Amino acid sequence: MKLLSLILAGLLLLSQLTPGGTLKCWNLHGKCRQKCFKKEKVYVYCTNNKLCCVKPRYQPKSLPWQI
């Protein structure tokens, strides 16, 4: 039982320390990052002051009369 709880505690700790883990934003379609990749756009800032990077397929379409 102690071994099982030790393993679970270790896995929980590793899941928190995994590099590249990012927060989700923009209705779970965007990711909070310091810098966005190509074709990604920034619409809002995340709660941790990073950019919310959204892929093109999830970006809102601009209306012709709002250009």
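Arginine 33 counts as buried, at 16% relative accessibility. Buried here means under 20% relative accessible area, exposed means over 50%, and partly exposed lies in between (1.4 Å probe, protein chains only). The side chain of arginine 33 meets that of glutamate 40 in a salt bridge, 2.7 Å from N to O. Such a bridge is a side-chain nitrogen of Lys or Arg within 4 Å of a carboxyl oxygen of Asp or Glu. Glutamate 40 is buried as well, with a relative accessible area of 13%. A search of the whole structure finds 1 salt bridge.

Some ground rules come next. This is a predicted model, in which local features need pLDDT of at least 70 and side-chain atom pairs count only at pLDDT 80 or more, while totals for chains, interfaces and linings use all residues. Residues are numbered from 1 along each chain as its sequence is written, and side-chain values use heavy atoms, with hydrogens and water left out.

Now the overall layout. The chain has 1 helix and 4 strands. Read from the N terminus, the order is α-β-β-β-β. Helices (H or I, at least four residues) and strands (E, at least two) are DSSP runs, numbered from the N terminus. Of the 67 residues in the chain, 18% are buried. Contact means heavy atoms within 4.5 Å. Take the contacts between residues at least 6 apart in sequence: 14% of them join residues at least 24 apart.

Methionine 1 sits in the segment before α1 (2–16). Methionine 1 is exposed, with a relative accessible area of 82%.

Next comes the loop between β1 (24–25) and β2 (30–33), which holds asparagine 27. Its phi is near 55°, a positive value in a residue other than glycine. Most residues other than glycine have a negative phi. Leucine 28 lies in the loop between β1 and β2, and has a positive phi of about 65°. Asparagine 27 is exposed at 68% relative accessibility, and leucine 28 is exposed at 63%.

What makes up the interior? The largest nonpolar core has 5 residues: Cys25, Cys32, Cys46, Cys52 and Val54. A nonpolar core is a set of buried Ala, Val, Leu, Ile, Met, Phe, Trp, Tyr and Cys residues joined through side-chain atoms within 4.5 Å. Leaving out residues up to four places away in sequence, cysteine 25 touches Gly30, Lys31, Cys32, Cys46, Cys52 and Cys53.

The tour ends at glutamine 59, in the segment after β4 (51–54). Glutamine 59 counts as buried, at 14% relative accessibility. Beyond its neighbours within four places in sequence, it contacts Lys39, Glu40, Lys41, Tyr43 and Val54. A polar atom of the glutamine 59 side chain lies 3.2 Å from the backbone oxygen of lysine 39.

Terms used:
A polar contact is a pair of N or O atoms within 3.5 Å; within protein, one must be able to donate a hydrogen and the other to accept it, and residues adjacent in sequence count only if both atoms are side-chain atoms.
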